Amino acid sequence: MTTSRAMPGRPRDDQVDRRIADAAVELFGQHGWSSFSVEAVARRAGVGKASVYLRWRNKEDLLIQALSQRLERVSDVDTGTVRGDLVQLVRQQLELYAGECGPAALRLGFEARGNPELAKRHEELAQAQITAARAMVRRGIRSGELPKGTSVTFLLDALAGGAMNHAMALPAALRPLSPEDVMDYAERFVDFVLTSVLADT
């Protein structure tokens, strides 16, 4: 497991750690892995290059840990109704892809094929979405709110794909989305999808 390193005898400065991680995620989101460097991160964070190397062995360790810290996994939220659960699913996806770290989350999917460590992080995020959606749909089927044959795959494709497409299409001036805009879109989009799912019931 990748861990950051602190110089023996010197206490860690959490604010410096946070600035470096933020700078790493921002630069990766803007320019991708090919242009990512410790020097560029240090400049963006306003610290010396030595401060970065005291904490991380190389640029790959730095980026992987920064992404792990700043990109939140989608989790299962049980609100008591399948509609409420799916709204929370879409909300989390929008916060991931259209929030402050959205460019890095979107970039991760494109860059994952060429880097095993990035691929692993991307797979963790994707699997968390699948696990959360599966739990929500199963609860909805058990409660009778969803038809027994409801496909987790199709429902997740619709919701996750819609959230990601919405994030990618957002003009830069509208980023990051406000919490109110996130919830408004999540509720309206889930209602639209559920109308189709429940049409034949």
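View 1. H4 has 12 residues and reaches 16 Å from its first C-alpha to its last, close to the 16 Å expected at 1.5 Å a residue; the expected span is 1.5 Å times one less than the number of residues. This is a predicted model, in which local features need pLDDT of at least 70 and side-chain atom pairs count only at pLDDT 80 or more, while totals for chains, interfaces and linings use all residues. Residues are numbered from 1 along each chain as its sequence is written, and side-chain values use heavy atoms, with hydrogens and water left out. At the N-terminal end of H4 you will find Asn58 as the cap, with a side-chain oxygen 3.2 Å from the backbone nitrogen of Glu60.

**View 2. The buried residues of H4.** Buried here means under 20% relative accessible area, exposed means over 50%, and partly exposed lies in between (1.4 Å probe, protein chains only). On H4, the buried residues are Asp61, Leu62, Leu63, Ile64, Gln65, Ala66, Leu67 and Arg70. They pack against helix H1 (14–31), helix H2 (38–45), helix H3 (49–53), helix H6 (102–111) and helix H7 (116–143), where contact means heavy atoms within 4.5 Å.

**View 3. Val77 in its loop.** Follow the chain on from H4 (59–70) towards helix H5 (82–98), and Val77 sits in the loop between them. Val77 counts as partly exposed because its relative accessibility is 23%. Leaving aside residues up to four places away in sequence, Val77 touches Asp85, Gln88, Gln92, Met136 and Arg139. Ala21 is 56 residues from Val77 along the chain, and their C-alpha atoms are separated by 28 Å.

**View 4. A cis peptide bond at Pro176.** Look for Pro176 in the loop between helix H8 (152–169) and helix H9 (179–197). The peptide bond leading from Arg175 to Pro176 is cis, with omega near -15°.

**View 5. Stepping back to the whole protein.** The protein has 9 helices and 0 strands; helices (H or I, at least four residues) and strands (E, at least two) are DSSP runs, numbered from the N terminus. Its C-alpha trace spans about 65 × 35 × 30 Å along the principal axes. Of its 201 residues, 44% count as buried. Among contacts between residues at least 6 apart in sequence, 72% join residues at least 24 apart.

Terms used
Polar contact = N/O pair within 3.5 Å; in protein donor to acceptor, adjacent residues only side chain to side chain.
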